[in-house]
Amino acid sequence: MSQAPKLSDPDRYLTNTETRTFTGSITGFRAFLDRNPITDFVVPTEAIPAIEDITYLSGTWPQVGSVRRVHLAGGHSVLERVLTNTKDRFSYQIWDITAPAGRVISYIMGEFRYAQDGNRVTVTWDYNIKPNLFLARPAINRFLKNDFSPFMEAGLSGVVAAYTD
C-alpha cells in the first residue's frame, strides 16, 4: 500500500460543494449513513466508474486512520483513509488513483459537515482535488463542474430522500 500524500494548504485545491437540508438530527442521520453509506446512493457516469467492491486494509472503518481500497469498474481502484470522524464532521483522503484521471490528480480530500438548526440538519459535502500539474487545473475544474457536481447532487439527494429519523 502506498503512502498517502501529505495534505496541502486549502488554496491548492479545486473544490465543488453540495449542500442539502432536511428534517431530523445529526445523530440520527449519521447512524443512517453508517447503515447506508453514500456510496450506495451515488450513480456512476461515463466519467465516474461504478464502485464494485471495497477491501479494508487497516484499522476499523470509519475510525480515524483506517484505510480501504475501493475497487472501481474497469479494473481501477483508489485508496481511501479517514482523516476526521466527529459528530459534525467526517473527512477522508483518496489517493493512488489508477483510473486515467489519476495521472493529473495528486489526491482528493472529501469532507462532510453537519449543522443542526432546531429540527433541521444541513449537510455539506466538499470534494477537493489537488492537481499534481498546474496545467491540469482547467480540465479538473470542468470535470468538477460537468461530471462530479451532478454525481454529488444525485448522491446527496438519494440519501436525503431515503433518510428517516
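Residues are numbered from 1 along each chain as its sequence is written, and side-chain values use heavy atoms, with hydrogens and water left out. Because the model is predicted, local features need pLDDT of at least 70 and side-chain atom pairs count only at pLDDT 80 or more, while totals for chains, interfaces and linings use all residues.

Q: Why is the pair of Phe-112 and Trp-125 called stacked?
A: Rings of Phe, Tyr and Trp (its six-membered ring) pair if their centres lie within 6.5 Å; planes under 30 degrees apart count as stacked, over 60 as edge-to-face and the rest as tilted. The centres of Phe-112 and Trp-125 are 4.9 Å apart and the planes stand at 20°, so the pair is stacked. The structure holds 13 aromatic pairs.

Q: What parts of the chain does the pair of Phe-112 and Trp-125 tie together?
A: Phe-112 lies in strand β6 (residues 105-117) and Trp-125 in strand β7 (residues 120-131), so parts 13 residues apart in sequence are tied together. Strands (E, at least two residues) and helices (H or I, at least four) are DSSP runs, numbered from the N terminus.

Q: Why does Phe-112 count as buried?
A: Buried means under 20% relative accessible area, exposed over 50%, and partly exposed in between (1.4 Å probe, protein chains only). Phe-112 has 7% relative accessibility, so Phe-112 counts as buried. Trp-125 is buried too, because its relative accessibility is 3%.

Q: What makes the aromatic pair of Phe-148 and Phe-151 tilted?
A: The centres are 4.9 Å apart, and the angle of 50° between the planes makes the pair tilted. Phe-148 and Phe-151 are 3 residues apart in helix α2 (residues 137-162), so about one helical turn separates them. Phe-148 is buried at 5%, and Phe-151 is buried at 9%.

Q: Which residues form one aromatic cluster?
A: The cluster is formed by Phe-22, Phe-29, Phe-32, Phe-41, Tyr-114 and Tyr-163.

Q: Why is there said to be a salt bridge between Glu-111 and Arg-89?
A: Side chains of opposite charge can pair when their charged atoms come close. A salt bridge is a side-chain nitrogen of Lys or Arg within 4 Å of a carboxyl oxygen of Asp or Glu. The closest N and O atoms of Arg-89 and Glu-111 are 2.1 Å apart, so the pair meets the rule. By this rule the count comes to 4 salt bridges.

Q: Where do Glu-111 and Arg-89 lie?
A: Glu-111 lies in strand β6 and Arg-89 in strand β5 (residues 89-95), so the pair ties together parts 22 residues apart in sequence. Glu-111 is buried at 10%, whereas Arg-89 counts as partly exposed at 31%.

Q: How do you know that Arg-113 forms a salt bridge with Asp-126?
A: Their closest N and O atoms are 2.3 Å apart, so they fall within 4 Å. This pair links distant parts of the chain, Arg-113 being in strand β6 and Asp-126 in strand β7, 13 residues apart. Asp-126 counts as buried at 10% relative accessibility, and Arg-113 as partly exposed at 31%.

Q: Which residues are linked in a network of salt bridges?
A: Arg-89, Glu-111, Arg-113 and Asp-126 are linked in this way.
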